[in-house]
Structures are given as structure tokens and as C-alpha cells.
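Me: Please take a close look at the aromatic rings in this model. Tell me how they pair and what surrounds them.

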Amino acid sequence: IGTQAGYNNRGRENTFLGFNAGFGASGTDLTGIENTGLGTATLTYNNTGRSNTAVGLGALYANRTGRANIGVGVRALLSNNTGSNNVAMGDSALFDNISGNVNIAIGSYALHNNVASANNAIGNSALRSFTAGGSTYNVAVGDSAATNLVTGSNNVVMGSWAFKDHTSGSRNTAIGNFAMGERESGNDNTAVGEGSLWNTNADLNTGIGKYAGLTNITGTSNTF
């Protein structure tokens, strides 16, 4: 339903609603099955991709062969091409994802720049700047949690603005609002409590409690 909705569709069990929804603009007929596109320019370039759900202007717009993706929100998973098994809910969530798989982004701009696989971000702008490739296994929950992280793996971040200024780092655990909130790097740190290890820019530190290790910047292997 809608101008050019499903225009080149040759698949089955597809549902398209809105201008250019499921148009099949990739140069060959759309043969993918079990797709749902609700909104203008949803799944516009889909070709063999199947079992995708796109709801909102431009959701999964560029998807061609990706499968089992869910994009709900304006421009959610807009750039996705071959990536599969992703969930994006919120304005521009997983916007730049092209080939990354099994990512979950819930919240406006969550994982906006992501091109990697196996990352989970819940909260407005959580992991927004992340651009590292590969499978990186990061989890960020909270408003702007790890929002500036560009590269790193196996980080667990829970709390508003936790890990917010770190651009790199791996195997860190930051739980609590503003935990490890400042500085740019550090590996293998554990911070539990509001503002714990706030200024730490080093490795192998543990801070338990509100503002634990607040003044530590370059010290390593400390317990606070």
C-alpha cells in the first residue's frame, strides 16, 4: 500500500506500507520473503533479505541481504546492508551499521556509528561513537553510557554517563552513574558506585563505593 510500495517485489509473504517501502531498488527483483516494511522508504533496497521488520521512516532503508533484523524508529538501521539478527529501536539507532551482526540498540542514537558485531546498548546515545570492527562484546546501559567509546571490547558499563569520556579501553566494568566517567583510556578496571574511579586513566584498578579512587589518574593495580 503506497506509491511504489513493493514495486519490484517477487517474493512472498511480504507486507509493505508507505512510499517506496520494499521497492526493490537494488537493481534486481526483490525475492526475499517474510519482510514487513511500515513507513516511507523502509526496506527500499531489499533484495534477498528475509524475515526483516522495519517500522518508521527510512528504517532498514539500505538493507539488501541482511536477515532477521528489527528496526523500529526513524532511520533505525538505515545503512544496514548485509548485517543480520540486529535489533534497533529508537531514532537513528544502529544508523551506520552495514555488516555487523547480533547487535542490540535501544534508545535514540544508541550504537549510531557501529560497524561491529555483538554489542548491546540500551539508553539514549549509549555507545554512540563506537566504530571498531569485529566482534567486540560490549554492553552499555544508561543515558550516554560509553557514549564516546570508539574502540575496545568486553566492557560492561551500567549507569548514566558511566565511562562517558573513554575513547578506548577493554575488559572494564563500570557500574554506577559517572563511574569511570572522565579520562580517555584504561583496561581491566572495576568501578562500582557513583563516580568511582572517576578520573582513572590507567589499568588494573578496583574502586568500590561512591567516589572510590576519585583522585586516581595514572596509578595502576590499586584497590580503593
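Reply: Start with a cluster. Phe178, Trp198 and Tyr211 form one aromatic cluster. Bear in mind that the model is predicted.

The count of aromatic pairs comes to 4. One of them is formed by tyrosine 45 and tyrosine 61. Their ring centres lie 5.3 Å apart, with 70° between the planes. The pair is edge-to-face, because planes over 60 degrees apart count as such. It links distant parts of the chain. Tyrosine 45 sits in the loop between β2 (36-38) and β3 (53-55). Tyrosine 61 sits in the loop between β3 and β4 (70-72). Tyrosine 45 has a relative accessible area of 24%, so it is partly exposed. Tyrosine 61 has 29% relative accessibility and therefore also counts as partly exposed.

Now back to the cluster. Phenylalanine 178 and tryptophan 198 have ring centres 5.5 Å apart. Their planes meet at 5°, so this pair is stacked. Again, distant parts of the chain are linked. Phenylalanine 178 belongs to the loop between β10 (173-175) and β11 (190-192). Tryptophan 198 belongs to the loop between β11 and β12 (206-208). The separation is 20 residues. Phenylalanine 178 is partly exposed, at 29% relative accessibility.

A ring can also face a charge. The charged end of arginine 128 sits over the ring of tyrosine 109, 4.4 Å from the ring centre. Arginine 128 is also in contact with alanine 146. Other contacts of alanine 146, leaving aside neighbours within four places in sequence, include Leu127, Ala140, Val157 and Phe163.

The largest nonpolar core has 33 residues. Among the members that touch the most others are Phe130 and Phe163, both aromatic, along with Leu111, Leu127, Ala140, Ala146 and Val157.

An open sheet is formed by 12 strands, running in order from β1 through to β12, and the pairing is parallel. β1 (15-17) and β12 are the edge strands, each pairing on one side only. Neighbouring strands are turned by 5° against each other on average, direction ignored. Take β7 (residues 120-122) and β8 (residues 139-141) as an example: they pair in the parallel sense over 3 bridges. There, asparagine 120 has valine 139 of β8 as its bridge partner.

Note on methods
Residues are numbered from 1 along each chain as its sequence is written. This is a predicted model: local features need pLDDT of at least 70, side-chain atom pairs count only at pLDDT 80 or more; totals for chains, interfaces and linings use all residues. Side-chain values use heavy atoms; hydrogens and water are left out. A nonpolar core is a set of buried Ala, Val, Leu, Ile, Met, Phe, Trp, Tyr and Cys residues joined through side-chain atoms within 4.5 Å. Buried means under 20% relative accessible area, exposed over 50%, partly exposed in between (1.4 Å probe, protein chains only). Contact means heavy atoms within 4.5 Å. Rings of Phe, Tyr and Trp (its six-membered ring) pair if their centres lie within 6.5 Å; planes under 30 degrees apart count as stacked, over 60 as edge-to-face and the rest as tilted. Helices (H or I, at least four residues) and strands (E, at least two) are DSSP runs, numbered from the N terminus. A charge sits over a ring if NZ of Lys or CZ of Arg is within 6 Å of the ring centre and within 35 degrees of the ring normal. Two strands pair if DSSP finds at least two bridges between them. Axes are lines fitted to C-alpha atoms, for helices over the stretch in contact, and angles run from 0 to 180 degrees between N-to-C directions.
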